[in-house]
Every structure is written in structure tokens, then in C-alpha cells.
Amino acid sequence: MKQKRDKYRGRLFLAFIMTNIIFIFIFLFSFSISYLNYQNINSQNNLIDEYLQDLSEDILKLNCENKFLLESSEKLDNVGARLSLLETRFGKKDSRVIEQKELYVRLEIKHFEIIKKIQNICGKNFTTILFFYSNDEVYEKESEIIGFILGTFKNKDPEKIMVYSFDYSSESEPVKLLKEKYGIKNIPIVIVNERDMIFIDSIDDLDYYN
Amino acid sequence: METYFILVYLLSYIGILATSFYVINLFLYYKKKFEVKESTEKSVTIIIPAYNEEKTIEKTIKSALSLDYPKEKLEIIVVDDGSKDNTYSIAKKFTSLKFPIVKIFTKQNGGKGTALNLGIKNSSGEIIITMDADTYVKPDALKKMIGYFTDKIVVCVSPSMGIYKPKNIWEKIQQIEYHMGVFLRKSFASMNAIHVTPGAFSAYRKDFFSKHGGFDENNLTEDLELALRIQSKDYVIENSPNSVAFTNPPSTFKTLLVQRKRWYMGLIKNLWNYRQLFGPKKGALGTVVLPAAVTTIILSIILTVYLIVRTLIKIKDELILLNSINFHFKDAFELNYYVVGNYFFDLLSNKIFIITVFFISILWYYIVFSKRKMIYNEKIKLNFFLYLVFYGFLFSFWWIVTFMYMIFNKKVVWRVENK
């Protein structure tokens, strides 16, 4: 006695539906976490803005001991890292990414200006580093290495070393002004203390500024 | 999108589709079908082919003798396939008045298929059980399997196979692989798509051998060939998950590789010989199960090779990065709130990570199913971890070696001979 093959098409169709639901769920979950990241970046940016506001006011009052200085600097670094993650997930051209990057750049510049003021008014000594990088394929690898070196360098003395990173390809007006001001032509490049324009490929190249 | 991601998504989609199909089938099977009752109605011959099995043969025969089955309906035939050790003399001890149901034959070495065929020729049972000489069974295994033969359409019944007291890493990884097999075999049975029956312990209706011939004596995987032959003749292969048998697996990297080369080469050759099984005429077997198996093998190999190359490049890049900052190992432990926070967003928004977690959950479900059916209480979490870490690489490695042997026409041997 031989068997008749089971009718399986209905079950296979059900499996297709299940698979598609599972895939949609996975993509939605991933998107939700990215969106959570976006919201987190947004709130962090707003918090940094508040800190910087406090800092500005304190400087005007000649108050040189401000607890928000280190905290705002740490938060800036963290938001920078999260923004690059958001860029990977949502894409460079995503309006939310562009919006947060724009806001972030403004905060960086604001922080940089405050640091300069603190240097002048309070006589504190900072090492400021402006880093112009690019995510274009040609420069991406090198930019990543320099970013990593700068991150490590900052960690050596986070209260004294301030690193500000700017996307060379950004359409943002403040970035364009900075590029013009410092005459940036080649990337990736690092400007230390607004004077020295250097190319680095090892942390040893920064020893002089430590 | 990178080739890597396309491959990962494609493999994941096929994997999830196949798994969903298997789970649906199994769910519907248990929903509509009553548990098959135990039976001792049929006369049974257990054939134990043995070649150089002096270490395990005694325990195997004792295990067969301890089966909870009427002794007047049970016959045990040991076929010594020209062993060079004491297998024959050890088995011979059982052919006395004390054990009248045990018979022993000896012959020149000719391979497992020849030994099994000799056993079938001299058997008297309606049902033939093939049992490896390093396999042990739970006493109730046989009567549970025989229950399935009440249905006349069934010509073969497979059990749940486990690994006997796994000791080293190779055995522990195989233990999890066998547990996976328990779920898959039952699911395949629910749509009559079993295409591999365990050579270590399976039951066959003797009529089938009379009508369609015995085991293929020149086949590397004679059990696989037989299963495919049964499918090609449109008979049914059932699975009895509550019938439990344990086997001694290869215990070294080398012996495991030899076994897998034989299995995989046998699979390639037999699937080619039975290529007519692919396609809608053979239902889910030809449309889903066999195509999914072949696709998974090919994609897994490509993906693993790609992953290894990618990881090596990544390690090289990481070393360049670490070198650029004069890295010291202790720095690696300087985690803080921000690092942990970023990892959270990075991992949980990574689709491949989520898919991986999903697959691990499915595999764990397979294990839970298997443990429940086999009433297996040993702790296997560590073994599961070892399986997750190493199995993918091993699987691809075994396949790549097999393909190399095939391309260069090298001979695949049955086992590593002890010198």
C-alpha cells in the first residue's frame, strides 16, 4: 500500500506569512531602537544646550569653577558617537540625522567658544583640537583611525583636552565658515590650539601637546 | 547593500521560512493525531553488524536483550564483519542456552551493507531493526516503535537518537546536533519528508526488503540510500520521538571528520541518484525539505568563508587602530556608562543581531522539545553554548573538505583503522 503525498501548500503559505511577519517585526524592532537612539540624541543635545547656557552665564559672572564644563564635554563626545551610529542606521541623507548633526555642530562651536572665553577670563589652559573628517569612501578609513586616536588622546586628560569633530562634506553653514576661517583644503586634518595644522597617524604625533 | 548582508538576509529568510513550516506542521500533527499506542504484536529481528567493536559489543547485546519485548517474538542476530579484534569471541558468549534468541554469524569483511543483508537473509522477524554495535536503547524503545507499524503504509520507523555520556568538546557539540535532529525528524515525519534514518537504530518492515532489495552494499551511507529509496517508492517513514537510543559518537576531531566526509559524500551521491525526489510530485519533501537542506548547505558555506575573511580583515584593521594609540590591554576594561549605552543602541538596532537571537531561541526550542520527548534531564546549557560557537565553522569545514575530496576524486573511507 502506497501513500498519497500530503497537501502542504496551505501550510507553506502560512509559513510565508509567518516569516514575513517575523521579518517585519525584526525590522520594526531595529527601527524602534534606532528611533529611541534618535530621541536620546535629541534630549542629550537639548541638555548640552542648557549646560552651555549655564556655562555662558557663569563666565559672564566671572565664575570659573563650573561643574557643567566636564559634563557637557563628556556628553558632546557621547552624542557624537551616537550620531555616527544613527547615520549608519538611518542613512546620511535622513532628515532626522541632518537635523541632529546640525544642532550638534552648533553646540560644538558654542562649547569651543566658551572654552576660549574660559581660557581668557579664568586663565585656564586647554588643548583644543578641531578635527575635519569625511565619511567619503576615500577618506573614511583614515578618518576613522584619526578619530580613534583623538578619542584616546582626550581620555588621557578629559578636563584639559577638548576635541571637536566636523564633517568636511557637511552642508552646514557654521562648518563652511570654519573651513573658510582655517583654510581647510585637505582632509582628514587636525588643528591644534587654532594654530598648528597637522596630519596624524599615531598618538605619538600628539605627544607634544600633552 | 553589501554582498554579506544580502547573503545573511537571504539565508535568514530561508531559515525562518523552513523553520516556520516545520513548526506549523508539527503543531498541526500533534493537534490532530492521537499518540500511537505501544505494540508487541509483530515478531522482530534485531541485526547488529559489528566490525572491531570489542569495547562496546557486549553492552550493546545486553541492551538489546534488556528490551521490554516478549522474548518469543524477539531475535537478535550479531553479524561479525571479519573483525580483527575480539568482537566475535565476545559476541559468541551470548549464543548459549541462556540466551537462545541470540544468533551470531561471521564472514569476511565486506562492509556494513553486506553484514546487514546477511542478517536480513537469516532473519525470521516481520520487522527488522538495524542496531549499531556501539548503541544502547531504553527498554521501552522497541514496543513504542512497533506501534507505528499498525498503519500498513508505514515501512520504516526512526527513533530519537542521543549521544551516550558525552565527555569531550566534540562529543558535546554532537550531543546538541543530535537533539536538533529529534525535533527535525518528528517535524519531517509529520509531512512524510524524512530522508535520513539513523543507521544506529531504525526499524523496517521486512516485506520491503523482499520486494525492493536489501541494503546497497556499495553505498557510503546505506541507511540514507534506503530512506531515499523508501521515499521514491512512496511509502511512509515514521518517527517515534519517545523511543530513545544512545550511540557512541566519534570522539576526536580526526574521526569526526572521517565520519562527516563519508556522510556528506554519501548525501551528495545519493541525492544525485534520487534527484527525481525534488519537485512537487513528492510533496513537501521535494518542494521544501530537500531544496531547503541543499540551499542551507550552500549558503552556510559561502557565508562562513565570507565571515572568516571579513573577520580577519576586521582584526587587521583593529590591530592598526590599536597600534595607532599604543594600546595597552588594561585599557580595554575601561568601560563606562556611555560605552554601555552606545553598545545597547548599536546591538539592539542591528538587524543581524536580532535575527541571531531569534535563531538561538528557535534552536533552544528544538532542544526543549527533544529533552521533553527523550525524558533527558542532563544539563546541556554549556554544550549548547559550545555548539553555537563552533558548529557553524565545523559544518562548513566538513563540507569544504568533502567538496575538495569530490573535486580531486579522492577516496572517502568508512573509518580510521586502529593500527
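Is B:Asp81 buried or exposed? In this predicted model, B:Asp81 has a relative accessibility of 4%, so it counts as buried.

The partner is B:Lys107, and the two side chains form a salt bridge with an N to O distance of 2.5 Å. Take a look at where each one sits: B:Lys107 is in the loop between strand 3 (102-106) and helix 4 (112-121) of chain B, while B:Asp81 is in the loop between strand 2 (74-80) and helix 3 (87-92) of chain B, so the bridge ties together parts that are 26 residues apart in sequence. As for the background, side chains of opposite charge can pair when their charged atoms come close. Over all chains, the count comes to 21 salt bridges.

Now hop over to chain A. Here A:Lys101 and A:Asp167 meet through their side chains in a salt bridge, 3.0 Å from N to O. A:Lys101 belongs to helix 3 (residues 95-122) of chain A and A:Asp167 to strand 2 (residues 161-167) of chain A, so this pair joins parts that lie 66 residues apart in sequence. A:Lys101 comes in at 19% relative accessibility, and because the cut-off for buried is under 20%, it counts as buried. A:Asp167, at 9%, counts as buried too.

A:Lys116 has a relative accessible area of 17% and is buried, whereas A:Glu194, at 30%, counts as partly exposed. These two also belong to a network of salt bridges that takes in A:Glu113 and A:Lys181.

Helix 1 (residues 3-32) and helix 12 (residues 351-374) of chain B pack with their axes 11 Å apart, at an angle of about 30°. The two helices are therefore roughly parallel to each other, and their crossing is left-handed. So who meets whom? On the helix 1 side, the contact residues include B:Phe5, B:Val8, B:Ile16 and B:Leu26, and on the helix 12 side they include B:Ile355, B:Phe358, B:Phe359 and B:Ile362. The residues of this contact divide into 15 nonpolar, three polar and two charged.

Methods
Residues are numbered from 1 along each chain as its sequence is written. Chains are lettered from A and ligands numbered from 1 in the order in which they are written. This is a predicted model: local features need pLDDT of at least 70, side-chain atom pairs count only at pLDDT 80 or more; totals for chains, interfaces and linings use all residues. Side-chain values use heavy atoms; hydrogens and water are left out. A salt bridge is a side-chain nitrogen of Lys or Arg within 4 Å of a carboxyl oxygen of Asp or Glu. Helices (H or I, at least four residues) and strands (E, at least two) are DSSP runs, numbered from the N terminus. Buried means under 20% relative accessible area, exposed over 50%, partly exposed in between (1.4 Å probe, protein chains only). Axes are lines fitted to C-alpha atoms, for helices over the stretch in contact, and angles run from 0 to 180 degrees between N-to-C directions. Angles under 35 degrees count as roughly parallel, over 145 as roughly antiparallel, 65 to 115 as roughly perpendicular and the rest as oblique. A crossing is left-handed if the near helix is turned anticlockwise from the far one by less than a right angle, and right-handed if clockwise. Contact means heavy atoms within 4.5 Å. Ala, Val, Leu, Ile, Met, Phe, Trp, Tyr, Cys and Pro count as nonpolar, Asp, Glu, Lys and Arg as charged, and the others, Gly among them, as polar.
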